Amino acid sequence: MSTPAAVDEVVDLVSRLIRFDTSNTGELDTTRGEEECAKWVAQLLEEVGYTTIYVESGQPGRGNVFARLAGDPQSTKGALLIHTHLDVVPAEPADWSVHPFSGAVKDGYIWGRGAVDMKDMVGMALALARQFKRDGTVPPRDLVFAFLADEEAGGKWGSQWLVANRPDLFDGITEAVGEVGGFSLTVDRPDGGQRRLYLVETAEKGLSWMRLTANATAGHGSFLHADNAVTEVAAAVARIGQHTFPMVISDSVAEFLAVVSTESGLDLSPDAPDLETSLFKLGNLARIIGATLRDTANPTMLSAGYKANVIPQTATAVVDCRILPGRQKAFEAEIDALLGPNVTREWITHLDSYETTFDGHLVDAMNDAILAHDPDGKTVPYMLSGGTDAKAFAKLGIRCFGFAPLQLPPELDFAALFHGVDERVPVDAVLFGTKVFEHFLLHS
């Protein structure tokens with residue numbers, strides 16, 4: 001069997017994508033590179049025959065590219081959206097063993113910022129889109145390839161803007177696949193063997209960034225003061241940071257725990273006496289899975305004052321809140337009880353949680369694609385503790401999954417690579433993923 005053309009070029013494409021510094025600082029005046037990268041992607045699509053749509057989402061330079069491959073005209077299925085994002089979080093070169101925007105290919109890995117989040121999937125989608133067009137492939141349904149801006153800052157100038165202002169770009173789309181799913185987790189079996197589980201994202205916690213504000217009486221630092229904004233906001237931050245929210249097991253998490261319990265022999269049932277401790281026997285991915293058992297609220301920023309001897313009138317803090325499906329009202333009530341009477345809150349960013357079921361034709365196609373290239377593998381649903389652009393597309397009634405397949409070495413700390421120093425993805429994992437993704441798209 002000949003090697004698909006996409007496999008021949010995908011490693012080079014991922015490397016070249018990483019060389020575009022598309023760092024998203026969250027500030028419009030310091031975010032760069034998206035336009036240049038997006039237009040390069042459009043050029044590669046157009047040279048094989050696509051008609052592309054380039055859209056700047058509300059701000060100059062926030063480039064997004066769309067391309068549609070027509071499917072079987074007799075199909076009754078809606079179009080499938082394959083969404084990726086071109087932006088990455090910033091990286092400090094001095095901290096890395098290779099330059100974060102070198103796209104170096106060495107020691108069996110592709111290195112650089114975005115290697116796993118998510119220029120690996122961008123490369124796979126781009127390589128396959130090019131292969132299908134060159135070969136005249138007619139997939140079972142229309143495929144819409146989207147390469148988007150601003151995901152790393154919540155999608156305000158990317159997916160969220162596009163859904164609000166250009167819903168026409170999503171006409172006819174009923175399902176979508178994106179990042180942070182389809183990667184393997186190797187578990188030890190009771191018989192001494194191992195089993196690779198491929199985690200398909202079916203749910204995401206809500207992403208909400210909250211600003212706390214305390215107002216008090218300004219004055220001289222040498223006087224006695226009955227109220228102090230810094231003290232008030234600091235106390236609220238401490239209470240929130242030390243608070244443990246109740247354990248709530250969603251359907252996606254329950255199904256994941258049941259499969260892993262069966263495969264590993266560990267007691268990971270929701271009523272297990274020490275579920276959270278047992279999870280860490282799964283290795284480094286436990287940090288993600290453990291965060292899907294409860295809401296979290298992690299203080300990340302503090303700001304107050306302008307001079308050492310002046311008590312400020314205002315002090316603020318920012319808290320990164322991740323909220324389980326169905327928990328929004330209860331979460332807010334718990335937060336309000338922790339704030340204290342002199343601290344107010346407001347949402348800076350608020351994106352809803354999302355959850356779908358692990359069933360249907362698309363799930364079957366994912367499972368079949370994995371088994372075609374790893375006969376001993378098994379797909380299992382899970383919840384992502386973070387967020388993706390799927391939150392925006394769900395508003396349009398699109399059913400969303402995370403499926404960017406990678407077969408990972410058991411010893412690789414995959415979770416640590418997201419936004420981490422020396423981010424990298426195994427070359428073999430990308431080659432495997434491209435083959436699996438090809439099978440999936442041709443049977444979706």
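Predicted model: local features only at pLDDT ≥ 70, side-chain atom pairs only at ≥ 80, totals over all residues.

Me: What makes the largest cavity a cavity, and what is its volume?

Reply: A space is called a cavity when a 1.4 Å probe fits inside but cannot get out, and the largest cavity has a volume of about 70 Å³. With a cut-off of 30 Å³ or more, the count comes to 1 cavity. Its lining includes Val 116, Met 118, Phe 414 and Phe 418, together with Asp 120 and Glu 179.

Me: How do you know which classes of residue line the largest cavity?

Reply: Asp and Glu count as charged, while Gly is placed among the polar residues; the lining, which includes Asp 120, Glu 179 and Gly 181, divides into 9 nonpolar, 1 polar and 2 charged residues.

Me: What is the volume of the largest pocket, and which residues are closest to its centre?

Reply: A pocket, in contrast to a cavity, is an open set of points, and about 1,600 Å³ of space lies in the largest pocket. It is lined by 47 residues, of which Glu 152, Leu 207, Trp 209, Asp 320 and Arg 322 are the closest to its centre. Among the elements that give two or more residues to this lining are the strands β10 (206-215) and β14 (314-323), as well as helix α8 (286-290). By class, the lining of the largest pocket divides into 18 nonpolar, 15 polar and 14 charged residues.

Me: What is known of the second largest pocket, and which strand gives the most to its lining?

Reply: The second largest pocket has a volume of about 360 Å³, and of the 20 residues that line it, Leu 185, Thr 186, Leu 282, Gly 283 and Pro 410 lie nearest its centre. Strand β8 (residues 183-188) gives the most to this lining, with 6 residues. At least three lining residues come from each of domain 1 (6-183 + 354-442) and domain 2 (204-351).

Me: Where does the name "Peptidase M20 dimerisation" come from, and which residues does it cover?

Reply: The name comes from a UniProt domain annotation in an unreviewed entry, and it covers residues 202-338. In the model, this span is 35% helix and 26% strand, and its end C-alpha atoms lie 31 Å apart.

How values were computed
Residues numbered from 1 in each chain as written. Heavy atoms only, no water. UniProt positions renumbered as here; feature names shortened; annotations may be inferred. Helix = DSSP H or I, 4+ residues; strand = E, 2+ residues; numbered from the N terminus. 1 Å grid on protein atoms, 1.4 Å probe; cavity = no way out; pocket = protein on both sides within 12 Å on 5 of 7 lines; lining within 4 Å. Points joined across faces, edges and corners; volume = space filled by probe spheres on them. Domains from an automatic or database assignment.
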